[in-house]
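Dear colleague,

Here is the structure I said I would pass on, with the sequence alongside. Below it I have written out what I found, and I would be glad if you read it with the model open.

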Amino acid sequence: MQPQERFYPVTPDFRDAFGRDRDRIIHSSYFRRLEYKTQVFINHSGDYFRTRLTHSLEVSQIARTLAKNLGLDENLAEAIALAHDLGHTPFGHAGGDELDKIMRHYGFHHGFDHNFQSFRVVTKLEKRYKDFEGLNLSFATLEGVLKHSYPYEKSFINSNLQNFFRVEFHPSLEAILVDLSDEIAYISADIDDGIKYGLIGFEDLKENALVARALEFVEREEGIVRHDSIFRHRFTSRLITMLVYDILDNHKPFAQDSVQCFTTLAKESLPISHTTTIEQEIKALKKILLKCLYRHQEIYKKMFMGKRCVRKLYDCFNNETNLLPKDLQARISNGEKIHRVCADYIASMTDRYAIALYHELGF
């Protein structure tokens, strides 16, 4: 298939293919639910903190900026960015990890993967049209969602999908930009939220060379001291700017006047990436965040609650299918495995809906 092609016909209108994809994603119910899904901090703990929705918007903004400056398709980059987290469970990665553990326990050796769940949302679970399931997105957008991160050969991608989406090739350059933008967005946002919440400080981070340069710039070039109320905001902005410039300055020349799929073998290096130095500094920074933020006691307590909620809800639905909505009961009656249907239902929930249902069922 060509990048702009779809599985089902559409009537041409005032939008290009990828602009239409973006609009379909934004108007989907799964996209709206991202507003009340955890990024790192449980959503009800404060209105300030990032959610899956604000994260997706930040990824989209960075991806569009990169695409524009590199002469790539901004609408495609935006569409992939807005769709990349549609499959996330409530309670962030903790909820997804618990659902994965449950699925494997019941014999689904592929378990649960939020990237693949995002693909299932846009191709199956979001029902908007009479004649087909999913959103009928263009091929390049679907490829970008499915091949969200390297390596592309994952256990949950069956042979039919592997052959159709050609996992031996890198996805479009726009999809690669989204993967890079995702990393930039969550690193900078997690630091910002973590400092705001008082779980991590610049003292924990300053030994990292990347952070040290950003701190020095804000202090020297902008003349702002660390105890100033706007220092955190200026630091976050500078960190994002540094990482974006690194990609723009490091990219290798490529000849492309339209969106291209299946042009670069996956075993070959990417024409768009960070410099080796920045990659190493990002890796070191992630280790600090894992130790000081993601494993912080306050985060662990909230995530423990989230995992318990996911497991109890799963047990309830698995043991009593009448607790499921009628359309999900119909899927089971039509031969779908109950464990997959239960997982789809829980993955679709917002944090607050899952917690409310958990308490309503007597826990």
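A helix here is a DSSP run of H or I that is at least four residues long, and the helices are numbered from the N terminus. Please also keep in mind that this is a predicted model.

By that definition the chain has 17 helices and zero strands. Its radius of gyration is 21 Å, close to the 21 Å that the globule rule gives for 363 residues, so the chain is as compact as a globular protein of that length. Along its principal axes the C-alpha trace spans about 65 × 50 × 35 Å, and 54% of the 363 residues count as buried. Among contacts with a separation of 6 or more, 73% are made by residues 24 or more positions apart. The accessible surface comes to about 17000 Å², and carbon and sulfur atoms hold 50% of that area. As for charge, the chain carries 48 positive and 51 negative charges, whose mean positions lie 4 Å apart.

The buried residues of helix 5 are G92, A94, G95, G96, E98, L99, D100, I102 and M103, and what covers them includes helix 3 (52–70), helix 14 (297–319) and helix 16 (338–348). Just after helix 5 comes G107, which takes a positive phi of about 95 degrees. Most residues other than glycine have a negative phi. Is F91 buried or exposed? With a relative accessibility of 0%, F91 counts as buried, because the cut-off for that class is under 20%.

Two residues in the loop between helix 12 and helix 13 can be taken together. One of them is F262, in the loop that joins helix 12 (231–250) to helix 13 (276–294); its phi is near 60 degrees, again a positive value in a residue other than glycine, and at 22% relative accessibility F262 counts as partly exposed. S273 has its place in the loop between helix 12 and helix 13 as well, but at 14% relative accessibility S273 counts as buried. Leaving out residues up to four places away in sequence, S273 touches L180, D246, I247, N250 and E279.

Lastly, the peptide bond from Y150 to P151 is cis, with omega near -5 degrees, whereas most peptide bonds are trans. P151 lies in the loop between helix 7 (139–146) and helix 8 (159–165).

Note on methods: Residues numbered from 1 in each chain as written. Predicted model: local features only at pLDDT ≥ 70, side-chain atom pairs only at ≥ 80, totals over all residues. Heavy atoms only, no water. Buried < 20%, exposed > 50% of the residue type's maximum accessible area, 1.4 Å probe, protein only. Contact = heavy atoms within 4.5 Å. Rg over C-alpha atoms; globule rule 2.2 N^0.38 Å. Areas by Shrake-Rupley, 256 points an atom, 1.4 Å probe, with all protein chains shown as cover. Lys, Arg positive; Asp, Glu negative; His and termini not counted. Charge placed at Lys NZ, Arg CZ, Asp CG, Glu CD.
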